[in-house]
Amino acid sequence: MFRALSLLRKLPFPGDWGPGGSVGAELATGHPAASSTSDLDLVIRVDSVPDTSEARPMQVMLDQISAQTGVEIDALVETPGGGVSLQELATGVDTAVERTADGPVPLGNLWSLR
């Protein structure tokens, strides 16, 4: 998992990004939280939702590192309005689930967040 994170550091992601989930907790606290079966959760903070032509290459890079390391990598693209799965953005879907402080919200028009 930490090998995957090391490889991710070399990628040209937009905005600020870093690990979330158990890996992020372990790095923040110094206490073991991740296991050999943990996935790697990433949070990518941007000002607006990337369109499919921007999201797809990012997802391809994550998929390549995942295949290379055997670690499942899930990325959440976080905007000022909430977060959306990079996988959903990369597939070009019109609707998605936005993760907000008040819980998940189904989005009828994903691109309204742009």
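Predicted model: local features only at pLDDT ≥ 70, side-chain atom pairs only at ≥ 80, totals over all residues.

What follows is a chat about the helices, strands and side chains of this model.

Me: Nice. Which of its residues are buried?

Reply: The buried residues of H3 are Thr52, Ala55, Met58, Gln59, Met61, Leu62, Ile65, Ser66 and Thr69.

Me: Why do those come at steps of three or four places?

Reply: With 3.6 residues a turn in an α-helix, residues three or four places apart point the same way.

Me: And what covers the buried residues of H3?

Reply: The cover includes helix H1 (2–8), strand E2, strand E3 (73–79) and helix H4 (86–91).

Me: What follows H3?

Reply: Gly70 does, and its phi is positive, near 75 degrees.

Me: Now the other end. Where is Asp51 found?

Reply: Asp51 sits in the loop between strand E2 (40–45) and helix H3 (52–69). Asp51 counts as partly exposed because its relative accessibility is 26%. In space, Asp51 is 10.0 Å from Thr91, C-alpha to C-alpha, although the two are 40 residues apart in sequence.

Me: Switching to electrostatics. How many salt bridges does a search of the whole structure find?

Reply: The search finds one salt bridge. The side chains of Glu78 and Arg45 meet in a salt bridge at 2.5 Å, N to O. Glu78 is in strand E3 and Arg45 in strand E2, so the pair ties together parts that are 33 residues apart in sequence.

Me: Is Glu78 buried or partly exposed?

Reply: Partly exposed, with a relative accessible area of 26%.

Me: How about Glu26, what's the nearest side chain of opposite charge there?

Reply: That would be Arg9, 15 Å away. Glu26 is buried and has no salt bridge.

Me: Then what does the side chain of Glu26 reach?

Reply: The Glu26 side chain reaches the backbone nitrogen of Ala33 at 2.9 Å. Glu26 belongs to helix H2 (residues 21–29). Not counting residues up to four places away in sequence, Glu26 touches Phe2, His31, Pro32, Ala33 and Ala34.

Me: On to the strands. In which sense do E2 and E3 pair, parallel or antiparallel?

Reply: E2 and E3 pair in the parallel sense, over six bridges. As one of the pairings, Val43 has Leu76 in E3 as its bridge partner.

Me: And E3 with E4?

Reply: E3 and E4 run antiparallel, joined by four bridges. A hairpin of two residues links E3 to E4, and Thr79 has Gly82 in E4 as its bridge partner.

Me: Which faces of those two strands are covered?

Reply: On E3, the face with Ile73, Ala75, Val77 and Thr79 is covered, while the face with Asp74, Leu76 and Glu78 is uncovered. On E4 (residues 82–85), both faces are covered: Gly82 and Val84 lie on one side, Gly83 and Ser85 on the other, and all are buried. Val84 counts as buried because its relative accessibility is 2%.

Me: One more strand residue, Arg99. What does Arg99 touch?

Reply: Apart from residues up to four places away in sequence, Arg99 touches Leu76, Gly82, Gly83, Val84, Ser85, Glu88 and Pro104. Arg99 is in strand E5 (residues 96–100) and counts as partly exposed at 38% relative accessibility. Its C-alpha is 8.9 Å from that of Gly81, 18 residues apart along the chain.

Me: Last one. Is Thr37 buried or exposed?

Reply: Exposed, at 71% relative accessibility. Thr37 lies in the loop between H2 and E2, and its C-alpha is 16 Å from that of Pro19, which is 18 residues apart along the chain.

Conventions
Residues numbered from 1 in each chain as written. Heavy atoms only, no water. Buried < 20%, exposed > 50% of the residue type's maximum accessible area, 1.4 Å probe, protein only. Contact = heavy atoms within 4.5 Å. Salt bridge = Lys/Arg side-chain N within 4 Å of Asp/Glu carboxyl O. Lys, Arg positive; Asp, Glu negative; His and termini not counted. Polar contact = N/O pair within 3.5 Å; in protein donor to acceptor, adjacent residues only side chain to side chain. Pairing = 2+ DSSP bridges.
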